[in-house]
2 protein chains.
Amino acid sequence: MSIRVQKTFEALFALEDLREIFRGSLPTGLDEEEEKAFRAKIADLKSIIAELEEDRGTPRTTMIADTIPLRSREEEYINIQPIQAAGRLTPEARKALISYGDGYSTCDACRKPFRLDKITKPSIAAFHEDLAKFVNMDQARVVPGARRGFQAVASTLVSKGDPVIVSALAHYTEFLAVEEAGGVVKEVPLDAGNRVTADATAEKIEEVVRESGKTPALVMIDHYDYQFANQHDVRGIAKVAHQYDIPFLYNGAYTVGVMPVDGKAIGADFVVGSGHKSMASVAPSGVLATTDEWAPKVLRTTAMVGDVTNRKFGIKEVEMLGCTLMGGTLLSMMASFPAVKERVNHWDEEVKKSNYFIDALLAIEGSKVLSEYPRKHTLTKVDTTGSFDAVAATHKRRGFFLSDELSKRGIVGEFAGATRTWKLNTYGLSWKQVRYLAEAFQEIAAKYDLPITT
Amino acid sequence: MSIRVQKTFEALFALEDLREIFRGSLPTGLDEEEEKAFRAKIADLKSIIAELEEDRGTPRTTMIADTIPLRSREEEYINIQPIQAAGRLTPEARKALISYGDGYSTCDACRKPFRLDKITKPSIAAFHEDLAKFVNMDQARVVPGARRGFQAVASTLVSKGDPVIVSALAHYTEFLAVEEAGGVVKEVPLDAGNRVTADATAEKIEEVVRESGKTPALVMIDHYDYQFANQHDVRGIAKVAHQYDIPFLYNGAYTVGVMPVDGKAIGADFVVGSGHKSMASVAPSGVLATTDEWAPKVLRTTAMVGDVTNRKFGIKEVEMLGCTLMGGTLLSMMASFPAVKERVNHWDEEVKKSNYFIDALLAIEGSKVLSEYPRKHTLTKVDTTGSFDAVAATHKRRGFFLSDELSKRGIVGEFAGATRTWKLNTYGLSWKQVRYLAEAFQEIAAKYDLPITT
């Protein structure tokens with residue numbers, strides 16, 4: 001690890017040790033011994049900062065709790081890992097996490113009616129309203145990951161044996177949510193461009209009705225899928241779903257938080273997003289938004305009454321299991337939110353950078369893009385069977401040669417050892433970083449005599 | 001906020017800003033402009049540390065992302081909030097969070113078979129094994145809060161209309177988990193000491209069988225309940241449950257992570273614990289542990305097959321919805337775990353401190369303890385109707401006088417305005433802090449002429 005990054009972590013850790021002295025002290029202040037420990041820790045900290053400033057010194061801490069290595073992937077590398085890009089925390093989220101990491105840190109000012117989304121200090125209630133507006137829906141709740149949003153909706157709408165329409169590119173968590181609710185997934189086939197169309201969805205619904213005698217309980221489609229990040233016609237699909245009186249769940253795991261999403265314009269009954277995938281938040285986090293029509297169903301409050309005590313917990317929502325993200329996860333979402341709201345306005349620029357890189361990769365002869373092209377997303381599936389894999393065929397490190405070469409250039413996140421079809425994501429990289437990335441790939445190609453079109 | 005605590009946060013934040021410079025740079029190092037920003041930030045940092053050292057200066061940052069106030073409850077106060085005490089992060093957890101806060105930070109080295117609990121770098125797989133051993137069960141999974149553990153078990157075992165035996169002091173999340181699965185809670189009545197006994201459980205099971213004709217699908221009992229933190233005879237109850245061939249879920253939200261828990265000795269089929277409540281972890285987090293007998297059911301892998309693509313996601317567990325805690329939540333659990341494993345050995349001392357404080361409170365005439373006494377837990381429900389509430393009756397601030405007086409002495413976490421029955425938790429306070437706490441209450445009593453027994 002670079003000394004500077006190493007020393008930055010050490011300084012942060014020294015401050016956490018120092019903070020712990022306050023935590024062990026009385027409200028009246030530090031006693032003599034604590035004061036001594038404080039002075040000693042300040043001295044440590046200053047010496048670490050001197051090392052940081054002068055770019056020198058040896059590592060003092062390499063493991064957290066003896067077993068957890070420091071993670072410097074984002075500080076030292078360009079990270080093109082397909083699912084990590086838009087989940088990187090903003091500096092504000094990291095600060096919120098420092099302040100609100102403790103277990104139930106959101107609950108300091110929890111008052112009647114005792115529900116997370118009603119807390120006003122910090123401004124969790126207002127955040128929920130903003131979140132609903134952000135995706136242009138009526139109500140929103142935070143959930144432990146998009147999958148828990150699918151689960152809440154499936155559990156509400158899907159009964160044993162009910163068919164649920166998903167895409168042939170549906171994420172596995174959609175399969176599981178349907179299975180957990182007792183339903184059965186029915187996939188809409190893709191067109192020649194690996195896209196789900198409204199027509200294909202209508203045909204699939206017809207087929208399911210014909211074969212099972214049942215109208216599907218739900219249509220659940222990813223706006224951009226996890227495989228190719230191709231754009232699917234969610235607006236047309238929502239319209240079709242509604243023609244059959246089927247509610248439509250918009251899976252925005254790859255959209256909410258990176259591009260503008262207008263749930264009402266799409267015709268979504270449910271909008272689900274992922275905090276750790278696309279909203280610069282700590283995992284597991286996400287959002288489930290819905291309309292005033294569907295809220296009473298998916299956000300229904302408990303009706304259970306204790307048979308002995310007559311206890312009722314009326315305000316608690318069954319599918320949410322009451323409160324959901326009671327601490328650092330939620331606060332990271334809230335702290336990133338202003339930046340997230342702003343960044344969706346620059347989605348076009350992100351797509352430009354994505355295409356810039358893909359074009360550079362395509363210039364390496366034999367390389368292909370398996371996703372739709374030009375790209376409409378920053379996540380892309382590429383096929384380098386005709387380029388880098390040809391090198392791998394005779395290289396003693398086989399497919400790992402590419403990882404080695406990338407790593408040498410400070411690039412990580414490709415699937416290690418893969419040189420045929422693999423995915424990458426350029427989201428959030430600056431132009432400087434994207435250019436560097438493009439050059440690195442071409443440099444590696446040149447090194448192994450792969451022809452490059454200019 | 002105290003200047004020192006304020007400056008500690010500011011120094012941490014300055015380091016996060018500095019860290020962000022690395023994140024925006026190329027792997028080749030900082031360019032001229034970044035270098036300039038780095039130098040400026042180092043200068044800032046040094047000036048903040050000078051202020052920290054000399055205990056002077058004015059606040060530079062009071063809000064995170066413009067809306068989130070700094071939280072210094074643990075640094076500046078003694079916090080007796082009933083549910084927060086054992087969820088406070090260890091310094092190691094805070095360091096892990098700094099390093100692993102980013103969204104999918106656990107997934108850097110995710111390889112086949114692509115499941116969170118199989119990842120070896122960081123040592124997530126080993127942690128899962130340790131976690132199972134820690135509660136002496138065969139297998140363990142991390143879950144987004146104890147409630148998601150109840151949900152997984154209820155969803156597996158409970159069908160529509162099935163009765164589930166819970167305690168008359170059951171937590172609301174148990175009600176919701178049963179309701180979400182379509183079941184009906186049936187409460188075991190308490191004895192005169194507000195405890196659930198094995199005999200009462202047997203009677204309740206008999207009653208339910210008699211009245212509904214159905215054997216309950218599950219018995220789910222809290223070892224220590226959330227109201228009084230009374231100890232309930234989980235071992236006897238497990239035995240009774242098994243006599244009726246009913247699986248037993250041990251709710252260890254108030255035990256796993258603070259006292260030794262031996263699931264096998266108890267006879268538990270499922271052990272559920274809470275990360276943010278009792279394992280010094282970020283919310284939402286928790287553990288679901290089970291036996292080799294029950295694992296194939298509650299941890300069953302998906303059987304769903306895509307009808308068009310024939311896709312199968314065989315390794316993914318339905319009730320877990322695949323991976324569960326993909327980042328900071330899990331890493332905080334892992335980083336706290338060595339300290340958590342150690343601290344359960346000192347539970348007796350924690351109980352001593354709890355009794356020390358309660359005795360001091362009881363010495364204030366008219367005060368009562370509603371929980372069983374002597375205390376066997378650090379969470380306690382007290383009744384100060386005969387002491388502090390008598391003061392509140394004529395005080396212009398009514399019940400808030402007590403909050404005011406406590407706050408003046410640096411004590412927070414009592415339910416603001418409550419002077420009749422309320423709860424507190426002394427977990428994790430040092431002897432010095434507990435003595436201070438006891439003295440503070442007696443000092444307030446003396447100030448308002450409440451008689452104190454000596």
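**Figure 1. Residues under the UniProt annotation "binding site" in chain A of a predicted model.** The unreviewed UniProt entry places this annotation on A:Ala146, A:Arg147, A:Asn251, A:Ser274, A:Gly275 and A:His276. The positions span 131 residues in sequence, yet no two of their C-alpha atoms are more than 14.5 Å apart, so they gather at one spot. UniProt positions follow the numbering used here, feature names are shortened, and annotations may be inferred rather than shown by experiment. Residues are numbered from 1 along each chain as its sequence is written, chains are lettered from A and ligands numbered from 1 in the order in which they are written. In this predicted model, local features need pLDDT of at least 70, side-chain atom pairs count only at pLDDT 80 or more, and totals for chains, interfaces and linings use all residues, while side-chain values use heavy atoms, with hydrogens and water left out.

**Figure 2. Surroundings of A:Ala146 and A:Ser274.** A:Ala146 belongs to helix α6 (residues 146-157), and A:Ser274 to strand β9 (residues 270-274); helices (H or I, at least four residues) and strands (E, at least two) are DSSP runs numbered from the N terminus. A:Ala146 has a relative accessibility of 8% and therefore counts as buried, and A:Ser274 is buried at 2%. Buried means under 20% relative accessible area, exposed over 50%, and partly exposed in between (1.4 Å probe, protein chains only). Leaving aside neighbours within four places in sequence, A:Ala146 is in contact (heavy atoms within 4.5 Å) with A:Val272, A:Gly273, A:Ser274, A:Ser285 and A:Gly286. With the same exclusion, the contacts of A:Ser274 are A:Ala146, A:Ala253, A:Met279, A:Ser285 and A:Gly286.

**Figure 3. The annotated lysine A:Lys277.** The unreviewed UniProt entry labels A:Lys277 "modified residue: N6-(pyridoxal phosphate)lysine". A:Lys277 lies in helix α11 (residues 275-278) and is buried, with a relative accessible area of 7%. Its backbone nitrogen is 3.0 Å from a polar atom of the A:Ser274 side chain. Beyond four places in sequence, A:Lys277 is in contact with A:Ile83, A:Ala86, A:Gly87, A:His171, A:Ala253 and A:Tyr254, and with B:Tyr104 of chain B.

**Figure 4. A:Asp389 and its side-chain partner A:Arg420.** A:Asp389 sits in helix α15 (residues 388-392) of chain A and is buried, at 12% relative accessible area. The side chains of A:Asp389 and A:Arg420 make a polar contact of 3.0 Å. A polar contact is a pair of N or O atoms within 3.5 Å; within protein, one must be able to donate a hydrogen and the other to accept it, and residues adjacent in sequence count only if both atoms are side-chain atoms. Leaving aside neighbours within four places, A:Asp389 is in contact with A:Thr384, A:Thr419 and A:Arg420. The C-alpha atoms of A:Asp389 and A:Phe401 are separated by 9.7 Å, with the two residues 12 apart along the chain.

**Figure 5. Residues joining helices α16 and α17 of chain A.** A:Phe401, A:Leu402, A:Glu405, A:Leu406 and A:Lys408 of α16(A) meet A:Phe441, A:Ile444 and A:Lys447 of α17(A).

**Figure 6. Helix α9 (residues 234-243) of chain A.** Buried here are A:Val234, A:Gly236, A:Ile237, A:Ala238, A:Val240 and A:Ala241. The buried residues of α9(A) pack against α8 (198-212), β7 (218-222), β8 (248-251) and α10 (263-266). A:Asp245, which follows α9(A), has a positive phi, near 60 degrees.
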